[in-house]
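Dear colleague,

I am passing on the structure we spoke about, with my notes below it. Please read the notes with the structure open.

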Amino acid sequence: MSNKFNWAVLGCGNIANDFARDRIKMGGNVYSVANRTYEKAVDFAKKYGIEKVYENIDDIFADDNVDIVYIATPHNKHIEYILKALENDKHVLCEKAITLNSDELCSAVELANSKNLILAEAMTIYNMPLYIELEKIISSGKLGNFRLAQVNFGSFKEYDMTNRFFNMDLAGGALLDIGVYALSCVRMFMTEYPDDIKSQVKFAVTGADEQSNIILRNSKEEFASVTLSLHAKQPKRATICYDNGYIEIFEYPRADTATITYTEDNHTETIKAGDISNALCYEIENMENAVASGENTMRLGYTVDVMNIMTTLRKDWNMKYPEERVK
Ligand SMILES: NC(=O)c1ccc[n+]([C@@H]2O[C@H](COP(=O)([O-])OP(=O)(O)OC[C@H]3O[C@@H](n4cnc5c(N)ncnc54)[C@H](OP(=O)(O)O)[C@@H]3O)[C@@H](O)[C@H]2O)c1
């Protein structure tokens with residue numbers, strides 16, 4: 001890994017630590033860092049040998065040496081930083097969920113396109129080698145046509161309504177936090193956008209979506225069902241069904257192994273590609289390749305589709321974040 005591009009990290013929480021650790025593991029470095037709480041940025045810089053710490057977040061955007069900004073703040077702070085980075089000619093890799101809704105994402109995509117900049121969501125599923133391998137198998141035709149998928153994600157979070165999982169002021173709710181993984185997985189396998197979107201939802205007392213069933217269908221009669229919960233553990237399991245067999249992926253947000261069962265004789269095939277411990281390395285590498293080539297190979301189209309699904313669902317649920325309410 002070269003240090004061809006200067007990365008600035010914005011935010012110093014859990015995932016930013018994973019990012020810096022993986023970047024270094026790849027033999028690269030992080031050029032600079034900024035955080036809401038300056039002292040934490042200083043500690044982060046010491047921990048990862050980062051030379052430049054900005055006093056203010058906006059200093060990132062004014063630094064001509066920054067090529068790529070990695071945004072790792074809560075979802076409701078993404079759009080502001082994405083737009084500032086793009087306005088200042090920086091490429092952007094932004095944590096999931098990339099924005100709160102489709103309008104925000106649309107404005108970011110338009111700006112990125114108008115400036116020939118790479119904008120991408122840091123969605124592990126789009127970058128893990130396992131999925132690339134599965135795509136090859138599917139394209140070979142041996143599984144036949146896609147029929148349906150069942151994808152779950154359930155975490156048990158204590159009922160603390162101030163934490164980011166339930167707090168509407170921090171863009172809480174299962175859909176944006178974990179549903180984005182399930183829907184990204186579904187979208188990768190469905191061959192067309194599912195415009196028939198139905199659901200059931202249960203809200204936490206804050207108004208954040210705590211639990212939901214989501215069913216999807218597209219014009220090719222491909223189906224998917226997704227079950228989410230923030231207060232009931234479920235295996236993170238994806239079952240993807242084709243004419244001639246089915247693919248099972250456990251821990252699908254970061255997976256390196258899948259099993260295919262061929263239904264004609266029930267024989268199974270284990271597919272192994274990549275390594276889950278390198279999950280962020282793949283997205284960093286793919287982002288650098290996209291920036292180097294000038295071509296957005298980061299599956300932004302899927303990100304846009306998933307955001308459309310989530311925006312449609314929240315509209316049906318009449319669920320608005322404070323940023324979306326008319327002032
Ligand atoms: N891809 C993945 O596998 C993965 C995993 C976990 C999370 N994520 C995503 O990454 C993002 C961050 O999650 P996390 O778990 O790392 O969160 P976290 O540990 O709580 O860290 C949040 C970071 O954002 C900063 N921040 C909080 N509120 C802010 C505000 N109003 N303005 C500016 N900065 C603010 C915090 O700064 P302070 O130090 O000042 O508090 C902290 O640096 C979320 O969008 C989440 O969905 C992705």
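Helix H10

Helix H10, residues 300-316, has 17 residues and reaches 24 Å from its first C-alpha to its last, close to the 24 Å expected at 1.5 Å a residue. Please keep in mind throughout that this is a predicted model. The buried residues of H10 are Leu300, Tyr302, Thr303, Asp305, Val306, Met307, Asn308, Ile309, Met310, Leu313 and Arg314. What do the buried residues of H10 pack against? Three helices are among the partners, namely H5 (102-114), H6 (124-127) and H8 (174-189). The others are the strands S6 (119-121), S8 (196-203) and S9 (209-217). Just after H10, Asn318 takes a positive phi of about 55 degrees.

Domains

The protein chain is divided into domain 1, residues 7-123, and domain 2, residues 126-279 + 307-324. Taken over C-alpha atoms, the centres of domain 1 and domain 2 are separated by 26 Å. In the contact between them, 13 residues of domain 1 meet 14 residues of domain 2. The side of domain 1 that touches domain 2 has 6 nonpolar, 5 polar and 2 charged residues.

The open sheet

There is an open sheet of 6 strands, in the order S3-S2-S1-S4-S5-S6, and the pairing is parallel. Strand S3 (52-53) and S6 are the edge strands, each pairing on one side only. Inside the sheet order, S1 stands next to S4. Strand S1 (residues 7-10) and strand S4 (residues 68-71) pair in the parallel sense over 4 bridges. Leu10 stands opposite Ile71 in S4.

The ligand

How many residues surround the ligand? There are 20, and the closest are Gly13, Ile15, Arg36, Thr37 and Glu95. Helix H1 (residues 14-25) gives the largest share of this shell, 3 residues. By class, the shell divides into 6 nonpolar, 8 polar and 6 charged residues.

Backbone points to check

Most residues other than glycine have a negative phi, and most peptide bonds are trans. The following places depart from that pattern. A cis peptide bond joins Lys96 and Ala97, with omega about -20 degrees. Ala97 is found in the loop between strand S5 (91-94) and H5.

Asn116 has a positive phi, near 50 degrees, and lies in the loop between H5 and S6. Is Asn116 buried or exposed? Asn116 is exposed, because 11 other C-beta atoms lie within 10 Å and the limit for an exposed residue is 12 or fewer.

Ala171 also has a positive phi, near 55 degrees, and lies in the loop between strand S7 (146-156) and H8. Ala171 is buried, because it has 22 other C-beta atoms within 10 Å and a buried residue needs 20 or more.

Lys220

Lys220 lies in the loop between S9 and strand S10 (223-229). Why is Lys220 counted as partly exposed? Lys220 has 13 other C-beta atoms within 10 Å, which lies between the 12 or fewer of an exposed residue and the 20 or more of a buried one. Not counting residues up to four places away in sequence, Lys220 touches Thr191 and Glu192. Lys220 and Pro74 are 146 residues apart in sequence and, C-alpha to C-alpha, 36 Å apart in space.

Regards

Notes
Residues numbered from 1 in each chain as written. Predicted model: local features only at pLDDT ≥ 70, side-chain atom pairs only at ≥ 80, totals over all residues. Helix = DSSP H or I, 4+ residues; strand = E, 2+ residues; numbered from the N terminus. Expected span 1.5 Å × (residues − 1). Contact = placed C-beta atoms within 7 Å. Near = placed C-beta within 6 Å. Nonpolar A, V, L, I, M, F, W, Y, C, P; charged D, E, K, R; others polar. Domains from an automatic or database assignment. Pairing = 2+ DSSP bridges.
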